[in-house]
Amino acid sequence: MNPERKAPERRGRKARRTRDALARAAFELVLDRGLKDVTVEEIAERADVDRRTFSRYFTGKEAAVLDSLRGDGDRINAALRARPADEPPLTAYRRAVLDWLDDPGAQAWHRRARIFDLLVLAEREPTLYAAFHHIRVDAQEDSIVIVADRLGVDPRLDLRPAVTVAAGAGALLAAQAAWVRGGHPDDLPQLVAQAFDALSGALFTQPAGTAPHRTTEGNTPS
């Protein structure tokens with residue numbers, strides 16, 4: 001290999017190791033002590049770097065704590081790209097999520113140590129929840145591009161890719177919320193399947209024996 005190419009590759013590996021060390025330190029410290037009781041300086045010290053180095057990789061401790069989750073959106077999107085081209089978009093999104101959950105090598109949330117605890121904490125800490133929201137939005141933007149490509153449309157002009165991803169990501173978010181509030185770490189795949197089932201046509205039908213909803217005052221049965 002050309003020596004001129006080796007130096008950038010070494011720097012890249014070193015940068016990745018530094019980022020991983022900071023993320024791991026933040027993850028461990030925050031889960032052990034709580035978000036408010038951990039400083040950026042303590043995270044940097046645990047990773048054996050200085051405060052300035054931390055700032056080169058992360059905007060704050062919330063971003064560092066959640067860094068281990070950023071790759072999950074990439075894994076779901078990789079599974080979405082691999083789905084058969086003739087699958088309806090929402091079916092493809094659902095099966096991509098389930099493929100991610102079922103793959104031991106992907107280490108989905110229910111298979112990874114302490115991720116359940118991290119997401120419980122994110123439900124309680126507004127700044128952590130907001131940072132997690134940004135990670136989800138980034139992944140969803142990539143999903144929209146993938147769905148648009150599957151449909152052969154421009155997502156700036158056709159709403160179907162964005163609607164598909166909003167529905168699928170909403171089902172995943174609902175399952176995640178039920179998961180962390182239910183307190184049973186092994187239940188995530190079942191909850192995700194239930195959430196996507198709720199997107200079936202039955203969700204939009206009038207339950208038997210239910211009076212129709214009226215929004216105009218005075219429109220009462222005679």
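Before I continue, a word on the model. It is a predicted model, in which local features need pLDDT of at least 70 and side-chain atom pairs count only at pLDDT 80 or more, while totals for chains, interfaces and linings use all residues. Residues are numbered from 1 along each chain as its sequence is written, and side-chain values use heavy atoms, with hydrogens and water left out.

W109 lies in the loop between α6 (89-102) and α7 (115-124), whereas F132 belongs to helix α8 (residues 126-151), so the pair ties together parts that are 23 residues apart in sequence. Helices here are DSSP runs of H or I with at least four residues, strands are runs of E with at least two, and both are numbered from the N terminus.

W109 is buried at 6%, and F132 is buried at 2%. F132 also has a charged neighbour: the charged end of R136 sits over its ring, 4.8 Å from the centre. That charged end sits over the ring of Y129 as well, 5.4 Å from its centre. The rule requires CZ of Arg or NZ of Lys within 6 Å of the ring centre and within 35 degrees of the ring normal.

Let us turn to the whole chain. The chain has 10 helices and zero strands, and buried residues make up 38% of its 222 residues. In soluble globular proteins, nonpolar side chains tend to be buried together. Here, the largest nonpolar core has 59 residues, and V97, W109, L118 and V192 have the most contacts inside it. Such a core is a set of buried Ala, Val, Leu, Ile, Met, Phe, Trp, Tyr and Cys residues joined through side-chain atoms within 4.5 Å.

L118 leads us to α7, where seven of the 10 residues are buried, L118 and F116 among them. Which residues does L118 touch, leaving aside those up to four places away in sequence? They are F27, L31, V65, L66, S68, L69 and L128, where a contact means heavy atoms within 4.5 Å.

Finally, I come to the charged pairs. A salt bridge is a side-chain nitrogen of Lys or Arg within 4 Å of a carboxyl oxygen of Asp or Glu, and by this rule there are 19. One of them joins R112 and D72, with the closest N and O atoms 2.6 Å apart. R112 lies in the loop between α6 and α7 and D72 in helix α5 (residues 67-82), so this pair ties together parts 40 residues apart in sequence. Both R112 and D72 are buried.

A second bridge joins R83 and D99 at 2.9 Å, N to O. R83 is in the loop between α5 and α6, and D99 is in helix α6, 16 residues apart. Here R83 is buried, at 19% relative accessible area, whereas D99 is partly exposed at 32%.

Technical notes. Buried means under 20% relative accessible area, exposed over 50%, partly exposed in between (1.4 Å probe, protein chains only).
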